[in-house]
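Here are my notes on the model you sent.

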Amino acid sequence: MPVQQTPARYGSVAQTLHWVIVGLLIVQFTLASIADDLPNGLEKLITLARHKSVGITILSLAILRLCWRLVERPPPLPPMSRWQAVAARISHAALYTLLFAMPLTGWMMSSASNYPVSWFGLVQLPDLVAPDPALKRLLHEVHETLSKILIAFAGLHVAGALKHQFLDRDGLMFRMLPWRPR
Amino acid sequence: MAPSLTLRAALALLACLACTAAKAEAWQADQNSGTLDFVATQAGARFQGHFREFAVRLDFDSLLPANARLDVTITMRSADTADADRDEVLHGADFFSVAQFPRAEYHAAGFKRDGKAWVASGMLTLRGVTKPLIVRFELEPSSSELRMKGSSTVQRLEFGVGQGEWASTAWIGNPVDVDFDLRLRPATVAASP
């Protein structure tokens with residue numbers, strides 16, 4: 001028996017989608033925190049317009065990713081205790097849910113504040129709800145709370161991957177990396 | 001020689017025109033009997049706003065459209081886009097500057113026919129700037145009302161709406177569509193100023 005088993009890995013499509021979404025999420029949090037600090041004005045409008053365009057991009061990629069997951073099943077997890085496998089499953093499900101919930105609540109919030117969403121100025125998307133200032137305030141809260149939950153689950157996800165890599169040394173992280181373990 | 005039939009008919013028509021012109025009908029509408037909306041483009045997306053306070057007066061006789069008059073007064077502070085932050089900017093100095101220019105006015109004299117529609121070539125005063133503006137509309141009379149539905153397009157920068165950084169059209173489009181749908185009633189007060 002080999003001491004260290006090389007686990008099967010995600011295919012190039014799943015890996016690309018994973019890492020592009022990671023990059024775009026970092027862009028999203030950056031744009032959101034920039035916009036939060038800006039006074040009412042053109043710069044804020046532009047920053048939020050980009051935030052919305054990137055959000056719609058993430059939503060599209062999340063749909064693509066979920067569809068692809070049905071085509072190409074994820075590789076099996078390396079051996080681990082049952083609670084760990086269950087925890088991984090729950091956190092993955094939560095991350096997927098948030099990848100949809102974040103852009104959708106943002107889109108609804110934009111509709112509620114009568115700022116129809118455009119994808120990079122190329123396509124105007126339909127409004128999800130009618131303009132309603134009270135609903136907008138509520139959705140703003142929800143969107144912000146979800147972003148904190150996303151940070152928590154993303155942190156857990158990274159911590160889990162690092163634990164497997166450096167404490168368990170089971171090579172789990174190579175499942176989502178393009179290079180092979182040495 | 002007795003006057004020809006044509007001449008007599010012409011005289012009769014003239015008399016009739018004179019009597020209709022004498023009682024050219026005066027109509028009026030405001031925010032309670034119609035809507036006055038605007039559609040602007042922001043970051044590539046079109047959004048709608050409306051004016052919560054305006055007054056329209058129309059003097060119109062379909063037989064004498066050249067004598068028609070249209071007078072509109074809009075309270076600029078009543079511009080409402082369903083977002084308090086945006087409304088604050090819109091009412092502020094860079095856009096409508098409502099403290100300095102509380103009202104916009106449109107005055108047109110004489111309408112022209114274009115198919116089913118009427119065309120008014122009047123002057124719009126907005127943010128202290130007066131420029132020509134063409135307004136197209138249809139008039140549908142009913143028993144007690146006159147429905148007036150139409151639109152126009154204002155190039156906001158011609159009137160200085162959007163100063164400084166807002167004068168760029170990269171994020172805020174220049175054309176703003178104005179749509180109205182009014183149920184005019186017979187005027188009860190004297191002509192507007």
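**Notes on the two chains**

1. Start with contact range in chain B. Residues 24 or more positions apart account for 58% of the chain B contacts that have a separation of 6 or more. Bear in mind throughout that this is a predicted model.

2. Chain B is built from two helices and twelve strands. Their order along the sequence is α-β-β-β-β-β-β-α-β-β-β-β-β-β. The chain has 193 residues, and buried residues make up 27% of them.

3. Which residues touch the most other members of the largest nonpolar core? They are Leu58(B) and Ile74(B), in a core of 37 residues. Eight strands of chain B each give two or more residues to this core: strand 1 (25–30), strand 4 (54–60), strand 5 (69–75), strand 7 (103–109), strand 9 (117–126), strand 10 (129–141), strand 11 (146–155) and strand 12 (175–186).

4. Leaving aside residues up to four places away in sequence, Ile74(B) touches Leu36(B), Phe51(B), Phe54(B), Arg103(B) and Ala104(B). There is also a second, separate core, with 14 residues. Its members include Leu45(A) and Ala112(A) from chain A, and Ala40(B) and Ala43(B) from chain B.

5. Now the interface. On each side 16 residues are in contact: 16 of chain A with 16 of chain B. Helix 2 (residues 42–71) of chain A gives the most to the chain A side, with four residues. By class, that side has ten nonpolar residues, six polar and no charged.

6. Chain A has four helices and two strands. The pattern along its sequence is α-α-α-β-β-α. Its C-alpha trace spans about 65 × 30 × 25 Å along the principal axes. Of its 182 residues, 23% count as buried. Take the chain A contacts between residues at least 6 apart in sequence: 66% of them join residues at least 24 apart.

7. How do helix 3 and helix 4 of chain A run relative to each other, roughly parallel or roughly antiparallel? The axes of helix 3 (residues 82–112) and helix 4 (residues 133–168) of chain A come within 9 Å and cross at roughly 155°. The two helices are therefore roughly antiparallel to each other. Helix 3 of chain A passes helix 4 of chain A in a left-handed crossing. Their contact involves 17 nonpolar residues, eight polar and one charged.

8. Helix 2 of chain A packs on helix 3 of chain A at an angle of about 145°, with the axes 9 Å apart. This crossing is left-handed. From helix 2 of chain A come Lys52(A), Gly55(A), Ile56(A), Ile58(A), Leu59(A), Ala62(A) and Leu66(A). They meet Tyr96(A), Leu99(A), Phe100(A), Pro103(A), Gly106(A) and Ser110(A) in helix 3 of chain A. The contact divides into nine nonpolar residues, three polar and one charged.

9. One residue of helix 4 of chain A is worth checking: Leu162(A). Is Leu162(A) buried or exposed? Leu162(A) counts as exposed, because it has 12 C-beta neighbours inside 10 Å, and a residue with 12 or fewer is classed that way. Leu172(A) lies ten residues away along the chain, and the C-alpha atoms of Leu162(A) and Leu172(A) are separated by 9.0 Å.

Technical notes: Residues are numbered from 1 along each chain as its sequence is written. Chains are lettered from A and ligands numbered from 1 in the order in which they are written. This is a predicted model: local features need pLDDT of at least 70, side-chain atom pairs count only at pLDDT 80 or more; totals for chains, interfaces and linings use all residues. A nonpolar core is a set of buried Ala, Val, Leu, Ile, Met, Phe, Trp, Tyr and Cys residues joined through C-beta atoms within 7 Å. A residue is buried if 20 or more other C-beta atoms lie within 10 Å of its own, exposed if 12 or fewer, and partly exposed in between; C-beta atoms are placed from the backbone. Two residues are in contact if their C-beta atoms, placed from the backbone, lie within 7 Å. Ala, Val, Leu, Ile, Met, Phe, Trp, Tyr, Cys and Pro count as nonpolar, Asp, Glu, Lys and Arg as charged, and the others, Gly among them, as polar. Axes are lines fitted to C-alpha atoms, for helices over the stretch in contact, and angles run from 0 to 180 degrees between N-to-C directions. Angles under 35 degrees count as roughly parallel, over 145 as roughly antiparallel, 65 to 115 as roughly perpendicular and the rest as oblique. A crossing is left-handed if the near helix is turned anticlockwise from the far one by less than a right angle, and right-handed if clockwise.
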